Amino acid sequence: VKNIFAVALGILTAIGGFVDIGDLVTNAQVGARFGLSLAWVVVIGVLGICVFAEMSGRVAAVSGRATFDLVRERLGPRVGLLNLAASMLITFLTFVAEIGGVALSLQLVASVHVLLIVPLVGVLVWLVLWRAKFSLIENVAGLLGLALIVFAVALWQLGPDWSALAHQAVTADKPEDEHWRTMAYYVVALFGAAMTPYEVFFFSSGGVEERWTPKDLPTMRANVFIGFPLGGLLSLSIAGCAWVVLGPLQISVDSLGQVGLPVAAALGKIGLAVAILGFVAATFGAACETGLSVGYSLAQYFGAQWGKYVRPHEATVFHAIILIATLAATAFLMTAVDPILVTEVSVVFSAVALPLTYFPILVVANDPDYMGQHVNGRLANTLGSVYMVLIAGAAVAAIPLMIWTRMGQ
Amino acid sequence: MGAVRVKGWPSRERWHEGVAFAEVPTRRPHGGRQVTVVAVAGLVLSLAATACAPQSPDRSSWIDQAHTALDDVSSEVATVSLLLHLQDEDKVPGKYQQVVAQDSESAVGKTMSKFSGEQPPEGEDDTYRDVTAVMSEASDLLAEVRIAIVRRATGEYPTLREQLVTMQDQLTQQTDELEGPGR
């Protein structure tokens, strides 16, 4: 019974923790403009994150060491540093976006200026990362994030033409008033949002925090292969709701308030309250995950003691990094930069950094000296290689498309 | 499948021996640094020279920008219109309405400010005036809606909703004119 509970809890937190501010904004933007025409990108992105999360989780369970630790050791300091620099930049940008996302979510309830909320969120995130247990952070945020299921309920309640939605999803039909280049830009943005690098680093380091062993591999795989795809369904629900309510009115999404309007249309005030709870939980959980990922990555690269499973005074470098990152992210937001813009930029740059993030994981998961009998099999390597090609394509196309389309306009 | 090995990557054993952090001094040609300095100086100078000048896009690009600006403003007007519609059905709490209305108003302000900063091409002054005028009217209307929402002046909502619909028609008409013959 204990095992079943652990698996169920893991799956539920994986579903609730899958969506972050990047997914919320990008899926609503894409849904309002393209409906479910780009659903295939979400499917490909979710499968990709499953492939690499499974690899990094397996590495953690078998070696008892986290990804960055092994990347530096296996590939050397230079490649490790390149890997660190690329993923750190994106993870920090995502951290900024998530803190901004929490502030925007709370603003929907408090109706005060977002700059008044940002410092409070910064302090709260830091306090949680400093004091709360790892399992508490992961489980509470993940379970509350399940509130976003309200988007699936809202879509059902809105009663769309399901056959038309299915047709859109299957044929990847482009709306007549949209350009191919804009569609290509959103393909890259959605792919970047689904495969955000921090998810893998957090997953792998979390495995070490929770002291996974090879015995935990089935549970880990259940979390990844059931939890993540169900989380992907939430992303598609957000897009579907946006298409049904905002699409016909030609509304393009540029604020979090607009993302919640379809739920209000379908389910009224109670539905909207649940959606806001989901926004707060999803962004707060992701802020904690990205904040921890910043600490994990740097501490692991420089060989410092790290993790929530050791006492703070034994991991001073790790906690100092988290404190500095939280201060820097809060200061960045206090410049009055638009958190939604930061989110849009972070998902595109995420696509740029993907090869540097995922290639080393593929290399380490292929090393029999580390992995023994749990080294990558034929399927994992085939999928990993196919995804490396896709990731390289997205990385090359991201910046030119961003400039050419003026960020999808 | 065997391990992926790349020639030149250090082995793990070397790491354990503690030599991994030993940096090999790299040589950089002196000329390379000069090129970098010149490139950075050039970039700074060109940025300084262009910073104060308004953007001067060509005609086609300017029309595209006018089109995008009108679409953006229309989207915000539609958002607020939907908001009032949902308010009629008592589906959105007051504070949420305030935030969405304020976001839409400030988004229109940003769009106007960005478009107004663009230098219109010769012969497009009338279009510039028409586009900025209709955007300005939309901005004023969204401010009125926001004021009514903050005051919870629900009696004004039906009139405001009608005005929002009319405003959307004006924005659509202006967009159509941009796409008209001769463009």
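The model is predicted: local features need pLDDT of at least 70, side-chain atom pairs count only at pLDDT 80 or more, and totals for chains, interfaces and linings use all residues. Residues are numbered from 1 along each chain as its sequence is written, chains are lettered from A and ligands numbered from 1 in the order in which they are written, and side-chain values use heavy atoms, without hydrogens and water.

**Nonpolar patch**
- Leu136(A), Val140(A), Leu144(A) and Leu277(A) form a nonpolar patch on the surface, with about 330 Å² of accessible area together.
- Helix α6(A) gives the most to this patch, with three residues.
- Leu277(A) lies in helix α12 (residues 256-301) of chain A.

**Helix α13**
- Phe318(A), His319(A), Ile321(A), Ile322(A), Ala325(A), Thr326(A), Ala329(A), Thr330(A) and Leu333(A) are buried in α13(A).
- They cover an arc of only 160° around the axis, which puts them on the same side of α13(A).
- Ile324(A) and Leu327(A), which are exposed (over 50%), sit on the face of α13(A) turned away from its buried side.
- The buried residues of α13(A) pack against α4 (67-110), α5 (114-131), α12 and α14 (339-365) of chain A, contact meaning heavy atoms within 4.5 Å.

Methods
Patch = residues over 30% accessible without salt bridge, like charges linked within 9 Å, V, L, I, M, F, W, Y side chains within 5 Å. Areas by Shrake-Rupley, 256 points an atom, 1.4 Å probe, with all protein chains shown as cover. Salt bridge = Lys/Arg side-chain N within 4 Å of Asp/Glu carboxyl O. Helix = DSSP H or I, 4+ residues; strand = E, 2+ residues; numbered from the N terminus. Buried < 20%, exposed > 50% of the residue type's maximum accessible area, 1.4 Å probe, protein only. Arc of directions from axis to C-beta.
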